[in-house]
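Me: I'm new to this structure. Can you walk me through how its helices pack?

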Amino acid sequence: MSPAPPRVLTVAGSDSGGGAGIQADVKTMLALGVHGMSVITAVTAQNSLGVQGAWELPVEAVRAQYRSVVDDIGVQAVKTGMLASAELVEAVAALLDGTDAPVVVDPVGVSKHGDPLLAASALDSVRAKLLPVATVATPNLDEVAQLTGVRVENESGMREAARAVLAYGPRWALIKGGHLSGDAVDLLTDGSEEHWLRAPRYDNRHTHGTGCTLASAIASRLAHGDCVPEAVTAAKEYVTGAIAAGFALGGGIGPVDHGW
Ligand code: PLP
């Protein structure tokens, strides 16, 4: 019998195409040596061309999955992704309010194809209920604009974005600057320490699942016992490798690769 690996839980939506969401999360967790578990919040019919349909699960089903996992198996870290509605955001935030495990919140808004993964009416709940329970919140620049109204045009604007996100209560903010041109630069800060993380930009359009992968990699490293800056640095390296190795699948945007 081998010793149990650290256990990590993703609370997120399913991507039938296997590139993002729960499927990307669990692949990342396997690659990083933790036991991956899932609370599915929504099911999407999705492929490389976009999201063709999405169905939320009842709040009761989400709560029951969480209780089953936490009460018996236990978790060393949690990651949240697509939460779909205000009702689900509030229910998940209430569950996570009681956990000692670090919580990585990827405040997923819309997909790369522009498909909505969170109702506009849920933004207030994300700000008021979900961000305050986050150990690390990982918004990209579109999500920063949606949540805080701060529009970032260049690297220096990322400090103001981080301040605006931290005002909602997460312990750390990771502002992902990948949508700017040039190197992929992210800013990690808790309001006093600042860590600028830089990676080369790969000329590869097959980047489906990037945000899910990064947040899951952070949660996996936290479960191994890394502190937040160590976990985020290792996760950025992991996702950079996965982007460099991303491959074409179907007729649109292919996924990042977890087997690199
Ligand atoms: N589908 C699901 C279920 C997701 O959770 C996400 C992102 O979090 C996406 C799709 C979008 O992935 P991307 O924007 O990388 O294409």
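Reply: α1 passes α7 in a right-handed crossing. A crossing is left-handed if the near helix is turned anticlockwise from the far one by less than a right angle, and right-handed if clockwise. Helices (H or I, at least four residues) and strands (E, at least two) are DSSP runs, numbered from the N terminus.

Me: What kind of model is this?

Reply: This is a predicted model: local features need pLDDT of at least 70, side-chain atom pairs count only at pLDDT 80 or more, and totals for chains, interfaces and linings use all residues. Residues are numbered from 1 along each chain as its sequence is written.

Me: Back to α1 and α7. At what angle do they pack?

Reply: Helix α1 (residues 21-31) and α7 pack at about 40 degrees, with axes 8 Å apart. Axes are lines fitted to C-alpha atoms, for helices over the stretch in contact, and angles run from 0 to 180 degrees between N-to-C directions. α1 and α7 are therefore oblique to each other. Angles under 35 degrees count as roughly parallel, over 145 as roughly antiparallel, 65 to 115 as roughly perpendicular and the rest as oblique.

Me: Which residues meet there?

Reply: From α1, G21, A24, D25, T28 and M29. They meet C212, T213, S216, A217 and S220 in α7. Contact means C-beta atoms, placed from the backbone, within 7 Å. The contact of α1 with α7 has 4 nonpolar, 5 polar and 1 charged. Ala, Val, Leu, Ile, Met, Phe, Trp, Tyr, Cys and Pro count as nonpolar, Asp, Glu, Lys and Arg as charged, and the others, Gly among them, as polar.

Me: And how do α7 and α8 pack?

Reply: α7 and helix α8 (residues 228-244) pack at about 140 degrees, axes 8 Å apart. α7 and α8 are therefore oblique. Their crossing is right-handed. Residues in contact include L214 and I218 of α7, and V232 and Y238 of α8. This contact of α7 with α8 divides into 12 nonpolar, 2 polar and 2 charged.

Me: Which way do α5 and α6 cross, left-handed or right-handed?

Reply: The crossing of α5 and α6 is left-handed. V144, L147 and T148 of α5 touch A161, A164 and V165 of α6. That contact counts 5 nonpolar, 1 polar and no charged residues.

Me: New topic. What lies around the ligand?

Reply: There are 18 residues around the ligand, and G13, A20, G21, S111 and K112 come nearest. A residue is near if its C-beta atom, placed from the backbone, lies within 6 Å. The shell divides into 6 nonpolar, 10 polar and 2 charged.

Me: Which elements supply the shell?

Reply: β1 (7-15), β2 (35-47) and α7 (210-224) each supply at least two residues.

Note on methods:
Contact = placed C-beta atoms within 7 Å.
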